[in-house]
Amino acid sequence: MSGFLRCVCEGIFKDFRWLDLGEVCSSDLPDVPGVYAIRVAERGMDVKEVCRGFLSFLEGSKWAELLSYVRSRLARLERISACPILYIGSAPKSIRVRFKDLSGIRHTAFFPILALMLGGWRLQYGFLTVKSDHEAKELEERLKSRYAEFHGSLPALVKK
C-alpha cells in the first residue's frame with residue numbers, strides 16, 4: 001500500500017493484487033472465485049459535496065423510487081473514516097463476474113462508488129483468488145471479522 005492512504009488494518013490485505021478501478025477491464029481479471037475489496041487511493045471532493053452533486057443530478061429525473069434507493073446507498077458514504085478500505089466482498093463464482101456486477105446497478109456499492117469517482121476520488125479494486133465458492137465466502141467472513149477487530153465496525157460501504 002505504499003504511496004496510498006495507510007491504516008493499521010492493511011496487513012490483512014497484503015496478498016491482494018490492486019488495480020486502478022477506473023482503468024481495469026473485466027477481461028483483465030481472473031475467472032475464478034475469490035474475495036475483493038475497494039480502497040481509496042486518493043481522496044477527492046468532500047463526501048457531503050459528492051452526495052449533494054450526485055443527488056442534484058439524479059433529482060432531475062423526478063423518479064422517487066430511484067432517488068430513495070440512491071439516498072440510502074449514499075448515506076453509507078458518511079461512514080468513511082481514515083481507513084482506505086471501503087468495501088470487502090466475496091466473488092463465489094468469479095472475480096471477473098463480480099467486477100461486472102460492481103460496474104452496474106446489480107451491486108449495492110455501485111452508486112456510492114460512482115458518486116465518489118465523479119467527485120474526483122481515485123479508487124482501487126483489489127482481489128485474492130481462491131479454489132472454491134465455499135472458500136471465498138469463508139475468507140470474506142474472516143476478512144470482515146479481522147477488519148472489525150481493528151476498527152470496531154465493518155467498512156463504510158458494507159451494510160450491517
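Me: Is Lys144 buried or exposed, and what is the cut-off behind the word?

Reply: Relative accessible area is what decides the matter: a residue is buried under 20%, exposed over 50% and partly exposed in between, using a 1.4 Å probe and protein chains only. Lys144 counts as buried because its relative accessibility is 9%. Please keep in mind that this is a predicted model, in which local features need pLDDT of at least 70 and side-chain atom pairs count only at pLDDT 80 or more, while totals for chains, interfaces and linings use all residues. Residues are numbered from 1 along each chain as its sequence is written, and side-chain values use heavy atoms, with hydrogens and water left out.

Me: Where does Lys144 sit, and which residues does Lys144 touch?

Reply: Helices are DSSP runs of H or I with at least four residues, strands are runs of E with at least two, and both are numbered from the N terminus. Lys144 belongs to helix α5, residues 133–151. A contact means heavy atoms within 4.5 Å, and, leaving aside residues up to four places away in sequence, Lys144 touches Ile88, Leu154 and Val158.

Me: Which class does Glu149 fall into, and how many Å separate its C-alpha atom from that of Val50?

Reply: Glu149 is also found in helix α5, but Glu149 counts as exposed because its relative accessibility is 59%.

Me: How do I read the pairing of strands, and what are the partners of β2?

Reply: Two strands pair if DSSP finds at least two bridges between them. In this model β2 pairs with β3 in the antiparallel sense over 6 bridges, and β2 pairs with β4, again in the antiparallel sense, over 8 bridges. Towards β3, Ala37 has Ile88 as its bridge partner and Tyr36 stands opposite Gly89, whereas towards β4 the bridge partner of Arg39 is Gln124.

Me: How many residues of β2 and β3 are buried?

Reply: In β2, 8 of the 9 residues are buried, so this strand is largely enclosed by the rest of the structure. Strand β3 is mostly covered, with 7 of its 7 residues buried.

Me: Which residues of helix α4 are buried, and what do they pack against?

Reply: Helix α4 spans residues 110–118, and its buried residues are Phe110, Phe111, Pro112, Ile113, Ala115 and Leu116. They pack against strands β2 (34–42), β3 (85–91) and β4 (122–129), and also against helices α1 (47–59), α2 (64–74) and α3 (95–102). Just after α4, Gly120 takes a positive phi of about 90°.

Me: What is the overall pattern of the protein, and why is the protein called as compact as a globular protein of its length?

Reply: The protein has 5 helices and 4 strands, in the order β-β-α-α-β-α-α-β-α along the sequence. Its radius of gyration is 15 Å, close to the 15 Å that the globule rule gives for 160 residues, so the protein is as compact as a globular protein of that length. The radius is taken over C-alpha atoms, and the globule rule is 2.2 Å times the number of residues to the power 0.38. Along the principal axes, the C-alpha atoms fill a box of roughly 45 × 30 × 30 Å.

Me: What share of the protein is buried, and what share of contacts joins residues at least 24 apart?

Reply: Of the 160 residues, 48% count as buried. Among contacts between residues at least 6 apart in sequence, 83% join residues at least 24 apart.
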